[in-house]
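Welcome! Open your viewer, get your selection tool ready, and follow along one stop at a time.

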Amino acid sequence: MPLRFGANVSTAETDYGTVLLDEQVGAYWELNPTATLVVRTLLDGGEEADAASALVREFDIGRAQALQDVETLVRELRASGLAS
């Protein structure tokens, strides 16, 4: 399922990843470069498997760990109310 940020979430890419601002509650979240790659892949319409493949290509990580990391990040973004 594609990832979508809520209308109340602003994003800004930095030299160190991406910053998310939940304007509704005034909370900031900082994504490291790994999480930024995952989010960018998903926002561009990719599936979680595509994001995991991007991690495997870009970083020294096994496929199983990449899939687990993607699933964890997506679950946390959705649980926080930042994404659907």
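Start by selecting Thr18, which lies in strand β2. Strands here are DSSP runs of E with at least two residues, helices are runs of H or I with at least four, and both are numbered from the N terminus. This is a predicted model, where local features need pLDDT of at least 70 and side-chain atom pairs count only at pLDDT 80 or more, while totals for chains, interfaces and linings use all residues. Residues are numbered from 1 along each chain as its sequence is written, and side-chain values use heavy atoms, with hydrogens and water left out.

Is Thr18 buried or exposed? Thr18 is buried, because its relative accessible area is 7%. (Buried means under 20% relative accessible area, exposed over 50%, and partly exposed in between, using a 1.4 Å probe and protein chains only.) Now show the side chain of Thr36 as well: a polar contact of 3.0 Å joins it to the side chain of Thr18. A polar contact is a pair of N or O atoms within 3.5 Å; within protein, one must be able to donate a hydrogen and the other to accept it, and residues adjacent in sequence count only if both atoms are side-chain atoms. Leaving out residues up to four places away in sequence, Thr18 also touches others, including Trp29 and Leu31. Contact means heavy atoms within 4.5 Å.

**The sheet**

Next, colour the strands. An open sheet is formed by 3 strands in the order β1-β2-β3, with antiparallel pairing. Two strands pair if DSSP finds at least two bridges between them. β1 and β3 stand at the edges with a single partner strand each, so one side of each has no neighbour in the sheet. From one strand to the next, the twist averages 20°. Zoom in on β2 and β3, which are joined by 5 bridges. Val19 stands opposite Glu30 in β3. In their hairpin, which has 4 residues between the strands, look for Gly26 with its positive phi near 75°.

**Helix α1**

Select residues 33–43 for α1. What covers its buried residues? The cover includes β1, β2, β3, α2 and α3. Among those buried residues are Leu37, Val38 and Val39. At the start of α1, a side-chain oxygen of Asn32 comes to within 3.1 Å of the backbone nitrogen of Thr34. Just after α1, find Gly45, which has a positive phi of about 100°.

**Helix α2**

Move on to Ala52 in helix α2, residues 48–58. Ala52 is buried, with a relative accessible area of 0%. Setting aside neighbours within four places in sequence, Ala52 is in contact with Arg63, Ala66, Leu67 and Val70.

**Helix α3**

Last, select helix α3, residues 63–79. Its 17 residues should span 24 Å at 1.5 Å a residue, and its end C-alpha atoms are 24 Å apart, which agrees. (The expected span is 1.5 Å times one less than the number of residues.) Highlight Ala66, Val70, Leu73, Val74 and Leu77, which are buried in α3. They cover an arc of only 95° around the axis, which puts them on the same side of α3; the arc is that of the directions from the helix axis to the C-beta atoms. An α-helix has 3.6 residues a turn, so residues three or four places apart point the same way. Which exposed residues does the face turned away from the buried side carry? Select Ala64, Arg75 and Ala79 to see them. End your tour at Gly81, which follows α3 and has a positive phi near 85°.

Note on methods: Axes are lines fitted to C-alpha atoms, for helices over the stretch in contact, and angles run from 0 to 180 degrees between N-to-C directions.
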